[in-house]
Amino acid sequence: MLQDRALPRLVAVEFPLAPRPFTDATCAMPPHLYGSFARTERGCEILEHSNVIPPLLAALRGDPMPAVRRGALWALAHIGSCGPGFTLLRRHEPHIIAYLTTLALTASSISWRGACLQALGLFARCSVALAELNSLGWGCPGAPRCRSVV
């Protein structure tokens with residue numbers, strides 16, 4: 001059981017960045033800590049035990065600071081971009097995809113609409129989220145790792 005085990009603490013993350021010659025029109029997204037955890041059942045247990053999702057959802061829904069809202073959006077999108085993470089996220093917010101599609105269409109800020117579209121593209125990497133997007137009438141052309149939402 002998770003509560004009986006001490007959780008490891010992350011002290012630092014370092015990785016070198018080396019410039020590469022431009023060879024392709026795509027750019028790989030760097031890994032996201034929560035997104036990496038969300039790829040495994042054990043990682044989802046850690047996210048659940050750490051209680052990170054409710055504050056992210058609260059920030060998404062109403063933090064007055066745009067940077068905080070955008071950060072919460074990206075963290076949630078990374079979590080929801082894989083099967084176990086999307087399942088975990090839907091336990092906290094069953095209608096996250098519908099909420100984001102509504103924001104993408106109705107938000108007062110065009111940059112916020114664009115951020116929601118990009119986040120939906122990350123969600124579309126998960127087959128369950130992709131099916132939900134399709135059921136809402138949102139098509140997602142492209143390779144599984146490079147989704148666009150239209």
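Visitor: Which residues is D63 in contact with, leaving aside its neighbours within four places in sequence?

Guide: This is a predicted model: local features need pLDDT of at least 70, side-chain atom pairs count only at pLDDT 80 or more, and totals for chains, interfaces and linings use all residues. Residues are numbered from 1 along each chain as its sequence is written, and side-chain values use heavy atoms, with hydrogens and water left out. Contact means heavy atoms within 4.5 Å. Setting aside neighbours within four places in sequence, D63 is in contact with A58, V68 and R69.

Visitor: How many helices does the chain have?

Guide: Helices (H or I, at least four residues) and strands (E, at least two) are DSSP runs, numbered from the N terminus. Along the sequence the pattern reads α-α-α-α-α-α-α-α. There are zero strands, and the helices come to eight.

Visitor: Is D63 buried, partly exposed or exposed?

Guide: D63 sits in the loop between α3 (53–62) and α4 (66–79). Buried means under 20% relative accessible area, exposed over 50%, partly exposed in between (1.4 Å probe, protein chains only). D63 has 23% relative accessibility, so it counts as partly exposed.

Visitor: Which residue's backbone nitrogen does the side chain of D63 reach?

Guide: A polar contact is a pair of N or O atoms within 3.5 Å; within protein, one must be able to donate a hydrogen and the other to accept it, and residues adjacent in sequence count only if both atoms are side-chain atoms. The D63 side chain makes one at 2.8 Å, to the backbone nitrogen of M65.

Visitor: Which residue's side chain does that of E93 join in a polar contact?

Guide: E93 lies in the loop between α5 (83–92) and α6. Its relative accessibility is 13%, so E93 counts as buried. The E93 side chain also reaches the backbone nitrogen of H95 at 3.1 Å. The contact between side chains is 2.7 Å, and the partner of E93 is R61.

Visitor: At roughly what angle do the axes of α6 and α7 cross?

Guide: Axes are lines fitted to C-alpha atoms, for helices over the stretch in contact, and angles run from 0 to 180 degrees between N-to-C directions. The two helices are α6 (residues 96–106) and α7 (residues 110–123). Their axes come within 7 Å and cross at roughly 145°.

Visitor: Is that crossing of α6 and α7 left-handed or right-handed?

Guide: A crossing is left-handed if the near helix is turned anticlockwise from the far one by less than a right angle, and right-handed if clockwise. Where α6 passes α7, the crossing is left-handed.

Visitor: How many residues of the contact of α6 with α7 are nonpolar?

Guide: On α6 the contact is made by I96, I97, L100, T101, L103, A104, L105 and T106, and on α7 by W112, R113, C116, L117, L120 and F123. Ala, Val, Leu, Ile, Met, Phe, Trp, Tyr, Cys and Pro count as nonpolar, Asp, Glu, Lys and Arg as charged, and the others, Gly among them, as polar. Two are polar and one is charged. The nonpolar residues number 11.

Visitor: What does A104 touch, not counting residues up to four places away in sequence?

Guide: A104 lies in helix α6. At 8% relative accessibility, A104 is buried. Beyond four places in sequence, A104 touches R113, C116, L117, L120 and W138.

Visitor: How many disulfides does a search of the whole structure find?

Guide: A disulfide is a pair of cysteine sulfur atoms within 2.5 Å. The cysteine sulfur nearest to that of C44 is in C82, 6.4 Å away, and C44 is in no disulfide. The search finds a total of zero.

Visitor: Which value is phi of N51 near?

Guide: N51 is in the loop between α2 (41–50) and α3. At 45% relative accessibility, N51 is partly exposed. Most residues other than glycine have a negative phi. Phi of N51 is positive, near 60°.

Visitor: How far apart in space are L7 and S50, C-alpha to C-alpha?

Guide: L7 lies in the segment before α1 (33–37). L7 is partly exposed, at 28% relative accessibility. In sequence, L7 and S50 are 43 residues apart; in space, C-alpha to C-alpha, the distance is 9.3 Å.
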